[in-house]
Amino acid sequence: MIVVWTPEAEQDRADIWDYIAADNSGAAVRIDELFSAAAARLAAHPKMGKPGKISGTRELIPHESCRLVYEIDETTVWVLALVHTARQWPPV
């Protein structure tokens, strides 16, 4: 399967990068690598995440503080959001 990051998920990823890189650019690189590795695993094993809190989605925790929300269709894994685990999900 291919993995496609939606514009919203790409923005979440960029926001996380900016926030972490402001204090520690090395840590920003490492967490972003975790996101890339998680997406690569999903390409091979799309159902590895647990069923999501929103119907039709699944969730994977690539880092203890981040939740990757995605959905699957016939050929594609759609990354919908990256959410800090301390934030309410789904949003109200």
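Q: To start, is A22 buried or exposed?
A: A22 counts as exposed, because its relative accessibility is 65%. The cut-offs are under 20% relative accessible area for buried and over 50% for exposed, with partly exposed in between (1.4 Å probe, protein chains only). This is a predicted model, in which local features need pLDDT of at least 70 and side-chain atom pairs count only at pLDDT 80 or more, while totals for chains, interfaces and linings use all residues. Residues are numbered from 1 along each chain as its sequence is written, and side-chain values use heavy atoms, with hydrogens and water left out.

Q: Where is A22 in the fold?
A: A22 is in the loop between α1 and α2. Helices (H or I, at least four residues) and strands (E, at least two) are DSSP runs, numbered from the N terminus.

Q: Switching to the core: which residues of the largest nonpolar core touch the most other members?
A: W5, I16, F35, L42, L68, Y70 and L82, out of 15 residues in that core. A nonpolar core here is a set of buried Ala, Val, Leu, Ile, Met, Phe, Trp, Tyr and Cys residues joined through side-chain atoms within 4.5 Å.

Q: Which elements supply at least two residues each?
A: α1 (7–21), α2 (25–44), β4 (66–72) and β5 (76–84) do. The largest share, five residues, comes from α2.

Q: What does W5 touch?
A: Setting aside neighbours within four places in sequence, W5 is in contact (heavy atoms within 4.5 Å) with E10, R13, F35, A39, L68, V79 and L82.

Q: R13 is on that list. Where does its charged end sit?
A: Over the ring of W5, at 4.5 Å from the ring centre. The rule asks for NZ of Lys or CZ of Arg within 6 Å of the ring centre and within 35 degrees of the ring normal.

Q: Is R13 buried or exposed?
A: R13 counts as buried, because its relative accessibility is 15%.

Q: Which residue forms a salt bridge with R13?
A: D32 does, and the closest N and O atoms are 2.6 Å apart. D32 lies in helix α2 and R13 in helix α1, so the bridge ties together parts that are 19 residues apart in sequence. A salt bridge means a side-chain nitrogen of Lys or Arg within 4 Å of a carboxyl oxygen of Asp or Glu.

Q: How many salt bridges are there in the whole structure?
A: Two. Besides the bridge of D32 with R13, the side chains of E59 and R67 meet in one, at 3.4 Å from N to O.

Q: Are E59 and R67 buried or exposed?
A: Both E59 and R67 are buried.

Q: Now T6. Where is it?
A: T6 is in the loop between β1 (2–5) and α1. Its relative accessible area is 11%, so T6 is buried.

Q: What does the side chain of T6 reach?
A: The backbone oxygen of V79, at 3.0 Å. Not counting residues up to four places away in sequence, T6 touches W78, V79 and L80.

Q: What about P7, buried or exposed?
A: P7 is exposed, because its relative accessible area is 60%. P7 is found in helix α1, and its C-alpha atom is 8.3 Å from that of L80, 73 residues apart along the chain.

Q: And I31, which helix is that in?
A: I31 lies in helix α2 and counts as buried, because its relative accessibility is 8%.

Q: Which residues are in contact with I31?
A: Leaving out neighbours within four places in sequence, they are I16, I20, H63 and C66. The C-alpha atoms of I31 and H63 are 7.5 Å apart, although the two residues are 32 residues apart along the chain.

Q: One last thing: which residues does the cis peptide bond join?
A: W89 and P90, with omega at about 0°. P90 is in the segment after β5.

Conventions: Polar contact = N/O pair within 3.5 Å; in protein donor to acceptor, adjacent residues only side chain to side chain.
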